[in-house]
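Work through the exercises below with the sequence and the 3D structure at hand. Each task is followed by its solution in steps.

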Amino acid sequence: MDATVLLALRDPAGVPFYPIVFQILYILTWALHAAFVLLSLGAMGLSLYGSAKGNQDKHWSILTPHLIQTGKISVSILIVLGVAPLLFTQVIYDPNWYVTNTLSGMWIFIFVYTMIVGYCMYYWYYYAHKAQRTGHSLIGFVSFGILVFAGILMHSFAVTSIMPHDWMNMYAPNGIVNTSGWTFNMDIIRLAFMVSLSIPVVGIFLQNYSRFLSTRKDFDASFISYSAKLGTNFAVVGLLISAVLFVLWMLQIKYLFHPVSIATIIGVLVLLAMAKTNRNSYYTTLVLVVVALLISTMRELIRFDIMSALGYSIYDYPMNLEIPSIVMFLSTFLIMGFVGVAYLLTMAWKVGKREGVFDGSKDVVVTKLGQATLYIMIAWMAIYFAWGIATLFKNIL
Ligand code: HEM
C-alpha cells in the first residue's frame, strides 16, 4: 500500500477544520468511551459473582444490585460515547475506517445486532435478578459474553484499520478477490491489556462507592469498609496485571521507551500507590483519567506513526474551513453538553447523598441548572432548525 492509494481514499471535500483538533477530540472521546467500557465490563463481571452468591451474604445482597445498575447505565453511556471517536476517526482517518468496514462488512453488521441482543439481555438480567428468578445468573453470563464479544469485534476493526500493509492481501488473497466481508484480526496482548483494565477500574469505582456512601447513616460501617477493601484488592491486583500486559504490548511493538509509554508506566505506578493506601479515591480517579488519556494517546501514536511511514499524514489533509459548522458543533458540545451534564451529575450526586426522597425542585442549584439546560435546549433547537432551513433555501432558491 503506498501513499497514492491512501491519499486517493480521502474525502475530496477535505476536513472542515484543523486536523489536529479532530485528533485531540478523538483522543479525548475515545478515553471517555473506554472509561465506560471498562466500568461496564468490570461492574457487570463482578455482579455475576455477587448474583452467583445469592442473597445469603448481607454485603453482596446490597452490592450486587448496585453493580448491575452501574453496568446497565455504563453500557448506555459507552454506546453514546463510542459515536464521538467514530465520527472523529472517519474525518481524519477515513481511508482506514472505510477500508476496515469493507473488509469486515459482515462483522460490522453482526456488531450492531450483538449490541442490541447483548444490551436487551442485560435488561433481562436486571429484571430477573430483581425478581430473584431462577437462572438470572445464566442470563447475566450470556449477556456479559455477548458484550465482551462486541468489544472483541471493536478490537478487530481497530487492528485491521492499522494494517494498511496487509489490506491488499486481505482483499485479494493470492490474487483472488474475496468480498465475503469476514476479515477478522486480533492482537491478543493488546486486547488482553485493554480488557484487563476493567479490573482496576471497577476496583477504583468501589473505593469511590464506599467513600461516597460513608456519609450516609443508612449504610452499615462494616459494609462501607468491606466495599472499600474489596475495591483496593481489585485495584491493586488489576493494576499489576494491566501493567505487565502493557509492558508486553509495548515490547511487542517496540514502543517501551517512548515518552508516552514511560509516562503511562509512571502513571500506573502512581495509581498503584494511591489505590493501595486509598487515602482519597477521588484523587486516584483524577490520576486514572490522566492514565486513560495517555493510553488513548498511545493508541493514536501507533496509528499516526504507521500512516506517516506510508506518506499519509493527517496534518496534510486538505482543509476547507467551514466556520459555521464548527461554531455550531463547539457551542453544542461546550455550552449545551457541559450545562446538561453538570445538571445530571449534580442531581445524581445529591440524590445519592441523601437518605429518603430528594426533591430537586426545592434545591436552588439543581433548579437553576435544570432551567438553564431547558432554555439552552430550546434556543439550540430554534437556532439549529432556523439555520438549517435558511441554508437549505439559500442553496435551492
Ligand atoms: C459493549 C460494547 C463495546 C465494547 C466492549 C467496546 C470495546 C472497545 C475496545 C476494547 C476498543 C479498543 C480496541 C483496540 O484498540 O484494540 C474500542 C474501540 C472503539 N470503540 Fe468500542 N466497544 C463497544 C461498543 C462500541 C460502540 C457501540 C461504538 C460506537 C457507537 C464503539 C466505538 C468505538 C470506536 C470508534 C473505537 C476506536 C476504533 C479505532 O480507533 O479504530 N464501541 N471499543
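**Exercise 1.** In which loop is Asn278 found? State its phi as well.

The model is predicted, so local features need pLDDT of at least 70 and side-chain atom pairs pLDDT 80 or more, while totals for chains, interfaces and linings use all residues. Residues are numbered from 1 along each chain as its sequence is written, and side-chain values use heavy atoms, without hydrogens and water.

Step 1. Asn278 is in the loop between H11 and helix H12 (281–309); helices are DSSP runs of H or I with at least four residues, numbered from the N terminus.
Step 2. The phi of Asn278 is positive, about 50 degrees, although the residue is not a glycine.
Step 3. Most residues other than glycine have a negative phi.

**Exercise 2.** Which protein atom is the donor of the ligand's iron atom?

Step 1. Donors are N, O and S atoms within 2.8 Å of the metal (3.2 Å for Na, K and Ca); water is not among the atoms, so sites may look incomplete.
Step 2. The only protein donor is NE2 of His33, at 2.2 Å.
Step 3. His33 belongs to helix H2 (residues 19–53).

**Exercise 3.** How far are the side chains of Tyr26, His155 and Arg190 from ligand oxygen atoms?

Step 1. For Tyr26, a side-chain N or O atom is 2.3 Å from a ligand oxygen.
Step 2. For His155, the corresponding distance is 2.7 Å.
Step 3. For Arg190, a polar side-chain atom lies 2.6 Å from a ligand oxygen.

Technical notes
Helix = DSSP H or I, 4+ residues; strand = E, 2+ residues; numbered from the N terminus. Polar contact = N/O pair within 3.5 Å; in protein donor to acceptor, adjacent residues only side chain to side chain.
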